[in-house]
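Take a look at the sequence and the model before reading on.

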Amino acid sequence: MKWRAGFAVLCLVAGPVMAQTPALVPVVAPIELPLWPDGPPGVDPLRDTPEIVENTYIRSVHRPSLTLLRADPAHANGAAIIIAPGGGHRMLVWVNEGLMPARALNRFGVTVFVLKYRLARETGSNYRIERDAAADARRAVRFVRAHAAEYGVDPRRIGLMGFSAGGELVSLVADNPAPPEPSGDAIDRIDARPDFQVLIYPGPLGVPARAVAEAPPAFLAAGTLDTCCAEPTLTLYQQLRGAHVSAELHLFADTDHGFNVAMHAERVSLQHWPDRLADWLSDGGWLVPGGGKRATPSSTAALLRN
């Protein structure tokens, strides 16, 4: 089953982490949550094709899902972040850009959902990034917002975070016009705009953005040597700044693409960039119950109250 594959990948890295956990602190196993009970809308001949796990990567995603990794209840603060791993839309860098960043965020009391989205550039794929992968990211925000009470998170403190190709999905959802509302279930009538966005060496798709005036606060990071993604990061930051959207930018010297959470780097700055993100989240009020910069009340909030 798919959840077993995802859990198997987690076990590749969970052993050392769990070994350092005090015996009295429970370690909550991740839970996989389908975004659509019967798979995404539409006819997909590959709908029942199983996912493929290769080393620490995942391919062949046809039933998008979220993997829930909870923070320790002793310091969980109600903030939630959905992570879209990178992988060039050909695969998902599931461990280094999914599970490991999730555990780093758990340390700050954040509840994390790691997104498995459809891969438009995988060999033989009929998916499109703007149509399918971005729809999965929007559905993820809606899903977490709809089930906020169930997972102990604040529906107005939900962030969307992406690495590389996943960063493109963040920009498409947060900084660009939304497509017409899908005529699906009740979840599809909930607002898909995240309350804040985190883009880590995001790819160029969706930049320049076309709706930055309504964009949520942003944290951006990239390496100065990144020929792919330093320029889109700078461009988006300048757009957000010009639109007076709260944004923070970190460019790391002598650093190329794919530094994730410094799993393969010795640079001290890269070891500590998640702490800079935690500082930004704290300064923005996102880690405080009832905090964060509130959006104007909308039909979405009314729907959540019903």
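1. A word on the basis. This is a predicted model, in which local features need pLDDT of at least 70 and side-chain atom pairs count only at pLDDT 80 or more, while totals for chains, interfaces and linings use all residues. Residues are numbered from 1 along each chain as its sequence is written, and side-chain values use heavy atoms, leaving out hydrogens and water.

2. The core. The largest nonpolar core has 83 residues, and Ile-82, Met-161, Ile-200 and Trp-273 touch the most other members. Such a core is a set of buried Ala, Val, Leu, Ile, Met, Phe, Trp, Tyr and Cys residues joined through side-chain atoms within 4.5 Å. Buried means under 20% relative accessible area, exposed over 50%, and partly exposed in between (1.4 Å probe, protein chains only). Beyond four places away in sequence, the contacts of Trp-273 include Met-161, Ile-200 and Phe-219; contact means heavy atoms within 4.5 Å.

3. Helices (H or I, at least four residues) and strands (E, at least two) are DSSP runs, numbered from the N terminus.

4. Three strands make an open, antiparallel sheet in the order 2-3-6; strands pair if DSSP finds at least two bridges between them. Strands 2 (52–54) and 6 (92–93) are the edges, and Val-53 stands opposite Ile-58 in strand 3.

5. Val-114. This residue is found in strand 7 (residues 111–116). Is Val-114 buried or exposed? Val-114 is buried, with a relative accessible area of 0%. Among the residues that Val-114 touches are Leu-66, Ile-83 and Trp-94.

6. Salt bridges. The whole structure holds 13 salt bridges, each a side-chain nitrogen of Lys or Arg within 4 Å of a carboxyl oxygen of Asp or Glu. Arg-139 and Asp-188 form one, with their closest N and O atoms 3.0 Å apart. Arg-139 lies in helix 3 and Asp-188 in the loop between helix 5 (165–174) and strand 9 (196–200), so the pair ties together parts that are 49 residues apart in sequence. Arg-139 is buried at 1% relative accessibility, and Asp-188 is buried at 5%. Elsewhere, Arg-118, Arg-131, Asp-132 and Asp-136 are linked in a salt-bridge network.
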